[in-house]
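Here is a structure to read with some care. The questions that follow ask how its descriptions are reached.

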Amino acid sequence: MEALERSKPYVLGLFRVVVGLLFACHGAATLFGVLGGPRGGEPHFAEWPGWWAAAIQLVGGALVLCGLGTRVAAVLCSGSMAYAYFDVHQAHAVLPIENGGEPAVMFCWSFLLIAVLGPGRWALASVVPARRWRRSGAGSAGSVRPGNTQASV
């Protein structure tokens with residue numbers, strides 16, 4: 001059991017990479033007609049919701065894959081898949097197996113899991129130096145770092 005606990009961040013990192021890659025590929029297929037092309041036809045530029053969904057898939061999937069802004073990107077990706085399921089698939093039948101919504105449901109819950117658990121290992125955010133935040137406004141003399149609620153004087 002101890003070996004499983006030690007491997008958790010590595011498995012989570014691998015899961016993040018695979019899910020991000022698959023999602024980015026789905027977006028690239030829809031936007032650019034590559035990798036087998038889009039399933040339902042190529043959307044026109046800025047067409048709602050198809051083009052925007054594909055853009056979220058490509059950019060959000062790439063961010064999750066790389067581990068940059070992982071939690072925010074994963075929440076956005078999860079929400080877009082929830083929207084896709086309830087707007088597109090739910091109208092055809094109640095259960096995902098009946099309405100073809102299994103990929104939307106799996107991506108939705110996978111990204112929610114990544115958003116909650118974090119990026120795991122091999123995230124680029126872990127090698128990018130943390131930004132130093134400066135509190136602005138009257139009466140603040142010190143800097144505030146993320147996670148620190150009081151300014152140093």
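**Reading the predicted model**

Residues are numbered from 1 along each chain as its sequence is written, and side-chain values use heavy atoms, with hydrogens and water left out.

Q: Where in the protein is confidence lowest, and where is it highest?
A: Confidence is lowest in strand 2 (residues 143-144), with a mean of 46, and highest in helix 5, at 97; helices (H or I, at least four residues) and strands (E, at least two) are DSSP runs, numbered from the N terminus. Over residues 139-145 pLDDT stays under 50, and it also stays under 50 over residues 147-153. Where pLDDT is low, the predicted coordinates should not be read in detail.

Q: What span is expected of helix 1, and what does helix 1 reach?
A: The expected span of a helix is 1.5 Å times one less than its number of residues. Helix 1 (residues 2-32) has 31 residues, and from its first C-alpha to its last it reaches 45 Å, close to the 45 Å expected.

Q: What is found at K8 in helix 1?
A: A kink of about 45 degrees lies at K8, shortly before the proline P9, where the bend is the angle between axes fitted to the seven residues ending at a residue and the seven starting there.

Q: Why is H89 called buried?
A: Buried means under 20% relative accessible area, exposed over 50%, and partly exposed in between (1.4 Å probe, protein chains only); H89, at 18% relative accessibility, therefore counts as buried. H89 lies in helix 3 and, leaving aside neighbours within four places in sequence, is in contact (heavy atoms within 4.5 Å) with A84, N99, G100, G101 and A104.

Q: Why does L35 count as exposed?
A: L35 has 62% relative accessibility, so L35 counts as exposed. L35 lies in the loop between helix 1 and helix 2, and its phi is near 55 degrees, a positive value in a residue other than glycine. Most residues other than glycine have a negative phi, and most peptide bonds are trans.

Q: What kind of peptide bond joins W48 and P49?
A: The bond between W48 and P49 is cis, with omega about -10 degrees, and P49 lies in the loop between helix 1 and helix 2.

Notes. Predicted model: local features only at pLDDT ≥ 70, side-chain atom pairs only at ≥ 80, totals over all residues. pLDDT = per-residue confidence, 0-100.
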